Each structure stands twice: as C-alpha cells, then as structure tokens.
Amino acid sequence: MSAPAAPTDRDRRRWAQYLVNERAEARVYRDLADRRTGEEREILLALAEAEGRHEAHWLDLLGGTPGRLPRPDARTRLLGWMAKRFGSIFVLALAQSAEARSPYDDEPSATARMAADEKIHHEVVRGLAARGRRRLSGTFRAAVFGANDGLVSNLALVMGIGATGVSSQFVLFSGIAGLLAGALSMGAGEFVSVRSQRELLAATEPSDYADGAIPHLDIDANELALVYRTRGMPEAEASARARRVVEAAHAAGQGRADTGPVEVAAHGEVVGSAWGAALSSFLFFASGAVIPVLPWIFGLSGVAALVVALVLVGVALMATGAAVGVLSGAPPLRRALRQLAIGYGAAAVTYLLGLLFGVSLA
C-alpha cells in the first residue's frame with residue numbers, strides 16, 4: 001500500500017520509529033553473523049539484508065533520514081545488547097518471539113511484501129533457534145530440572161520443618177541433610193541409569209565372535225547372511241554380502257574378514273559418561289538446594305529466615321522459568337510465574353503440614 005497523500009506528523013514519527021527499529025534489527029543479525037560460520041552466518045546476513053530493504057522503504061517515505069530520530073524500541077535495544085554479549089541461542093529465541101509480532105499487518109504504509117517478509121523471518125529465526133536448542137537441550141534440561149528439583153524440594157523441606165517451631169540449628173541441619181540426600185540420590189540415579197544404558201547397548205552391539213570360522217564356511221550353504229539380516233540388511237543384500245565375505249576369506253586363507261555391522265552408532269558418545277552424568281546431576285541439584293538454606297547459614301531464624309528463603313527461591317524459580325521460556329520461544333514471564341506457582345505451592349503444603357505437626361506436638 002502507498003503512503004497517504006499528505007502524511008501527518010504522527011505518520012512521520014511512526015515511520016521514523018519503524019526506520020530505527022529496522023536498522024537496529026539488521027545490526028542484531030549482523031552481530032550474530034559475526035559469531036557464526038558457514039550456512040548459519042549466510043542466513044543471518046540474508047536476514048540483515050532483508051531488514052535493509054525495509055529500512056529503504058521507510059527512508060523513501062520520509063524523503064531521507066530525518067534530522068532527529070527516535071531510539072529503537074526497548075525490545076530491539078535488548079536484542080542488540082544481548083547480541084554483543086551473549087550466545088546466539090538466547091538472542092535468537094527472543095528474536096523468534098519478536099518476529100511473531102509483526103507491526104506491518106495493520107500498517108497502511110507498509111507493503112504486503114514487507115508483511116509477508118516478517119512472517120517468513122519468523123520461521124527462519126525459529127529454525128535457527130531450533131538448531132541451537134537441539135545443541136543445548138540435553139545439558140540445559142539436566143541443569144534446569146536438577147536445579148529446580150533442589151530449589152523446590154529443599155524449600156518445601158525447610159518450610160515444613162521451620163513451621164513446627166524447632167530451633168534454627170535443626171532447620172539448618174535438616175536443610176543440609178536434604179541437600180546432600182537429594183544430590184546424592186540424583187547423582188546415584190544418573191550413574192546407574194547411564195551405566196545400565198551403556199551396558200545394555202554394549203550387549204546389543206555386533207561382535208567378532210564368529211570371524212574365525214568364516215574361511216571354513218561353505219560358499220553356497222552357510223548362515224552368514226542371517227547375521228547380516230539380524231543387523232538390519234535386506235535379504236538380497238545380506239546374501240550378496242555374505243557370499244563376497246566368504247569368497248574373500250577363502251581367497252585370503254586367513255581367519256579374519258569383514259563381518260562388521262551395517263551401521264554401528266558411537267553409543268559411548270551418545271549416552272555419555274556415567275561419572276560425568278552423576279557429577280553434573282549432583283552439582284545441579286546442590287546448586288538449587290543450597291539457596292533455601294542460605295538464611296539459616298547466615299544466622300537468620302524464625303519467620304525472618306522463612307521469608308528470606310521464600311524470596312531467594314522465588315527469584316531463582318522465576319529466573320529458571322524465564323530461561324526455559326526464552327529458549328522455547330514462549331513468553332518468559334508466563335513460564336516464570338508457572339515455576340513460581342509450582343514451587344510456592346509445594347512449600348505451602350509442607351508449611352501447613354508443619355504447622356499441624358507443631359500444634360499437635362505442643
């Protein structure tokens with residue numbers, strides 16, 4: 001669509017805002033491109049170029065760069081600040097959310113092509129963000145779940161114990177015991193899980209047990225093809241390969257030949273180290289579980305300690321919830337409030353139980 005015949009001052013101010021936002025967004029994509037290589041760098045530079053075309057549209061309507069320009073909006077400034085200081089995963093996740101709210105759908109001075117571009121940009125940024133999430137998902141998932149388990153379980157523990165009216169030393173001991181018990185349980189569980197998975201995969205991998213028998217097999221009547229079929233080969237291909245292997249072994253006259261699997265994954269790399277998983281789970285849980293205990297560690301007691309623990313854990317829960325929201329492309333505040341509600345809900349239940357036990361024991 002075209003601009004009004006006689007644009008008002010309000011129109012020009014709106015166009016100028018679009019102009020500076022497009023410039024800032026192009027700069028964000030260029031800054032991110034400087035930190036990437038290969039295909040991702042090319043995609044980010046192409047996005048910056050597209051934002052440059054939108055910038056040219058607003059410059060044309062304004063008749064050149066105005067003498068005074070507004071600042072980019074707060075969202076775009078935040079993206080620019082983060083693009084210079086943090087990894088691209090968080091920035092792209094925020095950009096994905098931002099691109100989903102295109103201002104051009106209802107803007108009469110924007111072209112239909114510009115509105116369509118913004119929708120395509122959203123999908124492109126979403127795809128780039130998804131790549132980053134896949135690279136991060138395993139470690140990030142373990143960190144968030146481990147820390148949140150520690151936060152919620154130990155907050156519930158100290159709230160319940162504290163509500164009974166016992167001494168602050170007892171609450172502190174209970175909190176530290178809960179931290180160690182939970183962290184050791186998490187670590188032991190991860191160790192057993194990963195070690196068992198590695199042992200299971202090792203038991204299912206092909207072996208070379210029968211290699212020495214290959215030179216003595218009958219070329220026309222043998223079961224070597226069945227070995228390949230159990231490893232996933234189609235029947236015709238398995239038969240052909242078995243015949244080639246036996247013929248090669250007969251010709252070579254030695255007891256080793258290629259009976260390797262069709263495809264064997266690097267299971268050790270996929271599953272990871274059992275000790276590494278155990279240690280990371282221990283540390284992630286402990287990092288969350290120590291926060292509810294801090295007020296008692298620094299000498300607070302009674303209601304003051306409980307309130308400070310609630311505040312500290314609330315901040316931590318909102319931070320982890322917001323981080324999950326950002327990385328998933330969802331509204332960070334909504335995810336933060338959900339985490340807060342879950343943590344405080346668990347704490348409220350145990351606090352009420354503690355009050356009941358405290359009254360019954362009085």
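Modeller: Val307 is partly exposed, with a relative accessible area of 45%; the class lies between buried (under 20% relative accessible area) and exposed (over 50%), for a 1.4 Å probe and protein chains only. The model is predicted, so local features need pLDDT of at least 70 and side-chain atom pairs count only at pLDDT 80 or more, while totals for chains, interfaces and linings use all residues. Residues are numbered from 1 along each chain as its sequence is written, and side-chain values use heavy atoms, leaving out hydrogens and water.

Val307 sits in helix H12 (residues 302-328); helices (H or I, at least four residues) and strands (E, at least two) are DSSP runs numbered from the N terminus. Together with Val303, Val311 and Val315, Val307 forms a nonpolar patch on the surface, with about 370 Å² of accessible area in total. Patch residues have over 30% relative accessible area and no salt bridge; like charges are joined within 9 Å and nonpolar side chains (Val, Leu, Ile, Met, Phe, Trp, Tyr) within 5 Å. A salt bridge is a side-chain nitrogen of Lys or Arg within 4 Å of a carboxyl oxygen of Asp or Glu. Accessible areas follow the Shrake-Rupley method with a 1.4 Å probe, and for residues only the protein chains shown count as cover.

The chain as a whole has 13 helices and zero strands. Of its 362 residues, 36% count as buried. Its accessible surface comes to about 20,100 Å², 61% of which belongs to carbon and sulfur atoms.

Beyond its neighbours within four places in sequence, Asn21 is in contact (heavy atoms within 4.5 Å) with Pro72, Asp73 and Thr76. A polar atom of the Asn21 side chain lies 3.0 Å from the backbone nitrogen of Asp73.

Notes. A polar contact is a pair of N or O atoms within 3.5 Å; within protein, one must be able to donate a hydrogen and the other to accept it, and residues adjacent in sequence count only if both atoms are side-chain atoms.
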